[in-house]
There are 2 protein chains.
Amino acid sequence: SVNPDLASERQTASFCVEKLTALLDGGAEQTRIRRAVVEAIQSDPVFSREDQYFQTQNERYEAAVRKAVHLQKKMHEMGWTENGPEYKYIYRALSGDVAFLLHRVFMRSISVLGSDKQIAKWIPLATQLRLIGSYAQTELGHGTYLQGLETTAVFDIATQEFILNTPKISAMKWWPGDMGRSATHTVVFAQLYIHGKCYGIHPFIVQIRSLQDHSLCPGITAGDIGPKMNFEAIDNGYLMLKNVRIPRENMLSKFCEVQPDGTYVRQGSQKINYFTMTTVRISLISDEVLTPLMKACTIAIRYSVVRRQSKLKPGEQEAKILDYQTQQEKLLPQLASAYAFHFINDYLQELFDRGYREIQRKNFDMLPELHALSSGFKAVITHHSTAAVEICLRACGGHGYSLLSGLPSLYTKILASCIYEGENTILLLQTARFLIKCFMAASAGQPVPPSVTYLAAVKSGKCPAKNKLDFLSPDIYTEAYQHVAFRLISSTAAKLQDLIQSGAKKYNAWNQCTVQLVQAAKAHCHYITVKNFAETVEKLETKAGIQRIMKHLCDLFALHGIFSNTGAFLHDGYISAAQMDMVTASYLDLLAVIRKDAVPLVDAFDFTDKSLNSALGSYDGQVYQRLYEWAQKSPTNKMSPAYERYLKPLLHNTLSKL
Amino acid sequence: SVNPDLASERQTASFCVEKLTALLDGGAEQTRIRRAVVEAIQSDPVFSREDQYFQTQNERYEAAVRKAVHLQKKMHEMGWTENGPEYKYIYRALSGDVAFLLHRVFMRSISVLGSDKQIAKWIPLATQLRLIGSYAQTELGHGTYLQGLETTAVFDIATQEFILNTPKISAMKWWPGDMGRSATHTVVFAQLYIHGKCYGIHPFIVQIRSLQDHSLCPGITAGDIGPKMNFEAIDNGYLMLKNVRIPRENMLSKFCEVQPDGTYVRQGSQKINYFTMTTVRISLISDEVLTPLMKACTIAIRYSVVRRQSKLKPGEQEAKILDYQTQQEKLLPQLASAYAFHFINDYLQELFDRGYREIQRKNFDMLPELHALSSGFKAVITHHSTAAVEICLRACGGHGYSLLSGLPSLYTKILASCIYEGENTILLLQTARFLIKCFMAASAGQPVPPSVTYLAAVKSGKCPAKNKLDFLSPDIYTEAYQHVAFRLISSTAAKLQDLIQSGAKKYNAWNQCTVQLVQAAKAHCHYITVKNFAETVEKLETKAGIQRIMKHLCDLFALHGIFSNTGAFLHDGYISAAQMDMVTASYLDLLAVIRKDAVPLVDAFDFTDKSLNSALGSYDGQVYQRLYEWAQKSPTNKMSPAYERYLKPLLHNTLSKL
């Protein structure tokens, strides 16, 4: 039985939910395939996540390994393959709660960086899980700056081996997943030395545990780095190497090889490899960022129509909390951003597919733009979505704070996406470097990549909006975003040049501009996101109310961005104070409009109760019942030894009846 | 041995750290007393927190009970009393990791709401821990809106008893600390019925567990609500009552009594009781908000001078990450806000002490202002500090994400302060209601409380700053903050009146203004904080460099607030675009100035390594060593059954040597 407060929300949907789901999936056939995968995974008790909020880190690890091994069988059973249409839905259906994710990175790095011979040797074994791989790049003292890695691999001509060492504690490998307890092998990144000369960072396959009894190999110190904010299921590990010898053939040698006599040979273009690194940043957006953001919106919005608190109108019953303007203002912009990021992700995926085809034709022209976009969007989307999930959590008050709401785990996990695969600030500065370069080129009349052609046009003028309805025009707000991006990029470029012309060293001038460079990079990505959302809406079919509701969300996303950052738009008077009051009015009006469709809009994400794993977010909205039933299963409801040890001696002498 | 990268930071302090510590403590004698308490607590192994990041919820609970019982002995041993000068340092020294905190609330509610007879009966037993109390107000379906509580207490004249019931699941008590597993008694808030008439919410003492064997009393269903984002040590509980009978004497009856014949008598003034509720919001700021904020700043700033990453200047060694402008911009404003909130907390404490004296003299005039200030500042300080701790966590990259950094626990705990003791949005709207009322009064020429007299003066004009140095003048920026607060309050008041004059119902008009009302309330509190910081600095002695560095921090706090919220200041042109560029320049300049004293400024908070409990924040800065040593103790470094069960069957058939 569905909670009537939730059921009533579904009766008044202004659009067809099933059609919107199909749009999000990329077609009704995709929806069908996804649902079949979800059904197969979630009906299998081995994949159950129901106990996860009660489990220790050890129990989570154990379960993740069990699931990974079982998944191999399941795929065989179901006829699913790594290249099949089902594959992308499996991870999502498991909510990422499975071991051997780094094993996959191990395989990918061999496929990309290894010679044909190396691929032929290692990939079949890895595919069958007859060894377990990891990927050991990050060190205790080194993350973003790869050149700073300290692990060494010295070539010994006499034995035709590399000798690997961890010269000091900051060089210890730290964080690699699957390495703390599972892996038998890993790809170690180390500074290559031949005849005392350093050739920089190269990848080496190193066995770290015995295949017979799983004991550590000679010279290896390894273990688990202990508790983290999330990822309990993953055995992130540490690794120290002491005179570990590996054969010459274990250096991955598609691009670089050390010949038997110690000659170092570089071959082929590494550009395809850089491209692979940028695609990882794009591919994580969907699984690691959008899915949790959509789940958080689903949970918080369903809860907000079931939770009643205080009276809006005297004499009536307590109001649904989503009827309060402040609650709408918390949640609905996050919902709009989930859609905005879904569409920009589609755009980026297409762009990268096109880039891949170009690169295969040896055309590397798109690389700088793709690198800048992948860096900037990874940073902006992870940052914004992390903040959004936190807002959803807080908007559910005390119940959001219970692990059983599902929100704390979503938050603590998505937070990591701001740090891994490139720390966000570093990435934004990469984007900024590209933007400044393009701005200079554009100013000098040189051609620039498509996404930044707006930097070439002369900008001036004021926003032409005359009343609050004008701000529901995509041209009006897209232009405003473009104006701000242009202003921030050009003014920071000017500051940079001023500093250099006043005698500052280039690196110093750069550092003094970085706070503003980060702002400029964010503004650029925000502009592209708004523009893409508006263009996407334009192309949607008008049937079934889809285009209309998407237009509202696009407007809300754009106006929320202006409302939350008014200074950027007011600064040079592009938007006047009177116009800003119109923005505010339109923005607040939109909240009330979208509130009516809020539940259908999250229903369209089509999460099952099992994938939400939340007492607040279930489809039926039976929140209180679920919290109570679930809490009773907590191990904290077993008798504690604290009573016999500490409480009994205190209480036993009190009068028995007070 | 102190890490030389950290040691060098201490050699160049521009002020005397010990003098600043004494200033923060309120005098050198207080520092001495505090350190003695810290030493006594932290040298006692029972109070150790070293294992806490590895422990399960059950283990944390067990340890917290052990500590609470041991603390009672310790206090006796040390001659510490609840009214002694040491008392306020004990909780801080334990980092709150102790049971029976709600037992203290149980005692306070009896002291405040109970008759003399009730106090004489219950308080001695509770003081000696011969019973364990809790405080059961919040229900599954009811938090902020007390009138909505559904638990009932029906008076039965025949037996002179109250019959307590949980009429439906949403009425189940949910969240009370110490209730899940420990409490024998609790104060239950329930709707009082006499002869079928409801008299509203009243407090009742109810025994829930046997004093003989701790089994649940007849009619009681109770247990632990399960895992939360933090507070593992606390047994937050649930409670259902089914025809539970308690004697008439168990209704707390200082203000209201039910006489044997069922006559309901209200006596005395409850105002002092409301006052007690507002003081709780102020008292939590110091322990639950400022301390974690200061700890997070200490950890992140010490780490940022030890962590070197990438090169700032080509050819040199990798730079300390605190030398990057972006890192300064993350951390130093948080440091400034820790000081700003410390000083506003002093101001609020004084104000409330004065308020208490007035109220004892039956003068209740200050109550509305105190209520508004306590609500607003609780919300603003908890919100800002939670965001600050999160920034500190992220600024430490991957290592900040490890529980061993201490930052995740600080974050997940401080986050709760945004929700408990009044959800922040609700509180800000209370403040806003007061501000609107005062604005109306001021506009009508009526007198208003001291903190809002600025609403009476006519505001106009522009910011007079001529260059970036002018923005280091407290008069200039304080005036700007006042201007913004005035503008937001007055414009929202105008919108509210417009809506009502256009025929909107009052409650509807209010709801349509709440997003802006929240902004207005925040602006008011921000203004008072800046003003108080500037006035405090003015009064400091100029010796030992203290005043100078505090002036820098005050400037930074104020300019960061403008820089982060430029729109509010630009909106009506009070600050022009050219002036805003000066603000930005001054703000960025200040970062470089304060960066030099960053480590001494956190050293002044005077946390011991044990109280930080962080691998990144230790006084000696031996970060990597500590992470490695600590991680090895993790239970995840024991052999997992996953190997025998799942991995061995896979790996055993692989070639032994690859």
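These legends describe close-up views of a predicted model.

**View 1. The UniProt active-site residue, Glu421(A), sits in a loop of chain A.**
The "active site" label for Glu421(A) comes from an unreviewed UniProt entry. The loop runs between α12 (407-416) and α13 (424-443) of chain A. Glu421(A) is partly exposed, with a relative accessible area of 40%. Leaving aside residues up to four places away in sequence, Glu421(A) touches Val280(A), Arg281(A), Leu284(A), Lys378(A) and Leu427(A).

**View 2. Chain A meets chain B.**
In this interface, 138 residues of chain A are in contact with 138 residues of chain B. About 11,400 Å² is buried between the two chains. Carbon and sulfur atoms give 61% of that area. Helix α15 (residues 506-539) of chain A supplies the largest share of the chain A side that touches chain B, with 9 residues. Between chain A and chain B the count of salt bridges is 4. In a salt bridge between side chains, Glu423(A) meets Lys330(B) at 3.3 Å, N to O.

**View 3. Three strands of chain B form an open sheet.**
The strand order is β4-β8-β7, and the pairing is antiparallel. β4 (173-174) and β7 (220-224) stand at the edges. Each has a single partner strand, so one side of each is left without a neighbour in the sheet. β4(B) pairs with β8 (residues 237-241) of chain B over 2 bridges. Here Trp174(B) has Tyr238(B), in β8(B), as its bridge partner.

**View 4. Lys173(B), in strand β4 of chain B, pairs with Glu139(B).**
The two side chains meet in a salt bridge at 3.0 Å, N to O. Glu139(B) lies in the loop between β1 (135-136) and β2 (152-156) of chain B. The partners are 34 residues apart, so the pair links distant parts of the chain. Lys173(B) is buried, with a relative accessible area of 0%. Glu139(B) is buried too, at 1%.

**View 5. Asp97(B) is buried in a loop of chain B.**
The loop joins α5 (87-94) and α6 (101-113) of chain B. Asp97(B) has a relative accessible area of 9%, which is under the 20% limit for buried. The side chain of Asp97(B) makes a polar contact with that of Lys67(B), at 3.3 Å. Residues touching Asp97(B), beyond four places away in sequence, include Arg49(B), Gln52(B), Arg60(B), Ala64(B) and Ala233(B).

Asp44(A) forms a salt bridge with Lys74(A), and the closest N and O atoms are 3.0 Å apart. Glu232(A) is partly exposed at 23% relative accessible area. Arg60(A) counts as buried at 10%.

**View 6. Five residues of chain A are linked by salt bridges.**
The network holds Glu18(A), Asp25(A), Arg34(A), Arg35(A) and Asp606(A). Over all chains, the structure holds 70 salt bridges.

Notes:
Residues are numbered from 1 along each chain as its sequence is written. Chains are lettered from A and ligands numbered from 1 in the order in which they are written. This is a predicted model: local features need pLDDT of at least 70, side-chain atom pairs count only at pLDDT 80 or more; totals for chains, interfaces and linings use all residues. Side-chain values use heavy atoms; hydrogens and water are left out. UniProt positions are given in the numbering used here, feature names are shortened, and annotations may be inferred rather than shown by experiment. Helices (H or I, at least four residues) and strands (E, at least two) are DSSP runs, numbered from the N terminus. Buried means under 20% relative accessible area, exposed over 50%, partly exposed in between (1.4 Å probe, protein chains only). Contact means heavy atoms within 4.5 Å. Two strands pair if DSSP finds at least two bridges between them. Buried area is the accessible area (1.4 Å probe) that two parts lose on being put together, summed over both. A polar contact is a pair of N or O atoms within 3.5 Å; within protein, one must be able to donate a hydrogen and the other to accept it, and residues adjacent in sequence count only if both atoms are side-chain atoms.
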